[in-house]
Amino acid sequence: MQLALEEAREAFLEGEVPVGAVLVGDGKVIASDHNRREKSGDATAHAEMLVIREACRKSGSWRLTGTTVYVTLEPCSMCAGALVQARVERLVYGAADPKAGAVRSLYNLVQDERLNHRMKVTPGVLEEECGELLSRFFQMRRA
């Protein structure tokens, strides 16, 4: 999660919403990135989507079985859905997202029994640090 937080800090410095993600398999980092929506002009350039794309490219498969994604903010519905579709085994996230979270806050897409894949979830890892970075970013934006 520290690596995801480093990615989030980089996003902060770039003027992006500070969310970072790291995808790990077999104890090794496969992909890491941060939000890039502003820079890319792409609404889907969330940190989770970017690490999924990179990991699929590197592995040559859309199936990311046996992997864990660490992300600093609870994934939105787009990202939660993509994690399910990619067959990620485990999700670890920092801060909850009461306005858009699709893992615990608003929905629970990643463990919905109606879907063909569910994943283990560990919420609240480095929650304070992750939440503080987001709060500081939005305070600066409002000022």
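The sulfur of Cys-79 lies 3.8 Å from the closest cysteine sulfur, that of Cys-76, which is too far for a bond. A disulfide is taken here as a pair of cysteine sulfur atoms within 2.5 Å, and a search of the whole structure returns zero disulfides. In general terms, a disulfide is a covalent bond between the sulfur atoms of two cysteines. For Cys-130, the closest cysteine sulfur belongs to Cys-79, at 15 Å, again too far for a bond. Cys-79 is buried, with a relative accessible area of 0%, and Cys-130 is buried at 2%. The classes of accessibility are buried (under 20% relative accessible area), exposed (over 50%) and partly exposed (in between), with a 1.4 Å probe and protein chains only. The areas themselves come from the Shrake-Rupley method with a 1.4 Å probe, and for residues only the protein chains shown count as cover.

The structure is a predicted model, in which local features need pLDDT of at least 70 and side-chain atom pairs count only at pLDDT 80 or more, whereas totals for chains, interfaces and linings use all residues. Residues are numbered from 1 along each chain as its sequence is written, and side-chain values use heavy atoms, with hydrogens and water left out.

Side chains of opposite charge can pair when their charged atoms come close. With a salt bridge defined as a side-chain nitrogen of Lys or Arg within 4 Å of a carboxyl oxygen of Asp or Glu, the structure holds five salt bridges. One of them joins the side chains of Arg-36 and Asp-33, with an N to O distance of 2.7 Å. Arg-36 is partly exposed at 24% relative accessibility, whereas Asp-33 is buried at 14%.

A salt bridge also links Lys-58 and Glu-54, at 3.8 Å from N to O. Both residues belong to helix H3 (residues 47-59), where they are four residues apart, about one turn of the helix. Helices (H or I, at least four residues) and strands (E, at least two) are DSSP runs, numbered from the N terminus. Glu-54 is partly exposed, with a relative accessible area of 26%. In a further salt bridge, the closest N and O atoms of Glu-89 and Lys-120 are 3.4 Å apart. Glu-89 lies in the loop between helix H4 (77-85) and strand E4 (90-95) and Lys-120 in strand E5 (residues 120-122), so the pair ties together parts that are 31 residues apart in sequence. Glu-89 is partly exposed at 35%, and Lys-120 counts as exposed at 51%. Salt bridges with shared partners join Glu-54, Arg-57 and Lys-58 into one network.

Glu-127, Glu-128, Glu-129 and Glu-132 form a negative surface patch. Patches consist of residues with over 30% relative accessible area and no salt bridge, like charges being joined within 9 Å and nonpolar side chains (Val, Leu, Ile, Met, Phe, Trp, Tyr) within 5 Å. Lys and Arg count as positive and Asp and Glu as negative, while His and the chain ends are not counted; the place of a charge is NZ of Lys, CZ of Arg, CG of Asp or CD of Glu. Glu-132 is located in helix H5 (residues 127-142) and is partly exposed at 48% relative accessibility.

Positive backbone phi values occur in residues other than glycine. For Arg-87, phi is near 65°; this residue lies in the loop between H4 and E4 and is buried at 18% relative accessibility. For Leu-126, phi is near 55°. Leu-126 is found in the loop between E5 and H5 and is partly exposed at 25%.

Two C-alpha separations complete the description. Leu-5, in helix H1 (residues 2-13), is buried with a relative accessible area of 2%. The C-alpha atoms of Leu-5 and Leu-109 are separated by 24 Å, the two residues being 104 apart along the chain. Val-19 occupies the loop between H1 and strand E1 (20-25) and is buried at 4%. Between the C-alpha atoms of Val-19 and Ala-102, which are 83 residues apart along the chain, the separation is 15 Å.
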